Amino acid sequence: QVQLVESGGGLVQPGGSLRLSCAASGSIFSINVMAWYRQAPGVERELVAAITVGGSTNYADSVKGRFTISRDNAKNTLYLLMNSLKPEDTAVYYCNANIRTNLYTNRDYWGQGTQVTVSS
């Protein structure tokens, strides 16, 4: 069984910063791409940022220059540093990881989500 557990969400004022973490645990053989998604009320879930095992990254245009995704492969942990936060960044943020549990099986796993609210 594999679990992804997010932490670090909360309430922050516009212009502030937060760092999200996502720890993967369980029967993990290897982890491929890891990513952060977000979903605001009434809006489809959208990709925020993704990172490969080798550290290549891509970002949604709306967060480029403000958010930084990173990972610690030794700890099976994903991070998202969010700077210059705006009210439109308010959403539930979800961790996603493509995890191989043995040589023949891999699939996407999701965390439970963490709320980020940007408001004065």
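Two residues are in contact when heavy atoms of each lie within 4.5 Å. By that criterion, among contacts in the chain between residues at least 6 apart in sequence, 54% join residues at least 24 apart. The structure is a predicted model, and its chain contains eleven strands and zero helices. One disulfide is present, formed by Cys 22 and Cys 95.

**Secondary structure**

- The secondary structure of the chain consists of eleven strands, with zero helices.
- Followed along the sequence, the pattern reads β-β-β-β-β-β-β-β-β-β-β.

**Overall dimensions**

- The chain has 120 residues and a radius of gyration of 14 Å, which agrees with the value near 14 Å that a compact globule of this length would have.
- Along the principal axes, the C-alpha atoms of the chain fill a box of roughly 50 × 25 × 25 Å.

- Of the 120 residues in the chain, 39% are buried.
- The accessible surface of the chain amounts to about 6300 Å², and carbon and sulfur atoms account for 48% of that surface.

**The disulfide**

- A disulfide is a covalent bond between the sulfur atoms of two cysteines.
- In this structure the sulfur atoms of Cys 22 and Cys 95 are 2.1 Å apart.
- The link of Cys 22 and Cys 95 is left-handed, with -75° about the S-S bond.
- This pair links distant parts of the chain, as Cys 22 belongs to strand 3 (residues 18–26) and Cys 95 to strand 9 (residues 91–102), 73 residues apart.
- Cys 22 and Cys 95 are both buried.

- Leaving aside residues up to four places away in sequence, Asn 96 touches Leu 4, Val 33, Met 34, Ala 35, Tyr 37, Asp 108, Tyr 109 and Trp 110.

Key: Residues are numbered from 1 along each chain as its sequence is written. This is a predicted model: local features need pLDDT of at least 70, side-chain atom pairs count only at pLDDT 80 or more; totals for chains, interfaces and linings use all residues. Side-chain values use heavy atoms; hydrogens and water are left out. Helices (H or I, at least four residues) and strands (E, at least two) are DSSP runs, numbered from the N terminus. The radius of gyration is taken over C-alpha atoms; the globule rule is 2.2 Å times the number of residues to the power 0.38. Buried means under 20% relative accessible area, exposed over 50%, partly exposed in between (1.4 Å probe, protein chains only). Accessible areas come from the Shrake-Rupley method with a 1.4 Å probe; for residues, only the protein chains shown count as cover. A disulfide is a pair of cysteine sulfur atoms within 2.5 Å.
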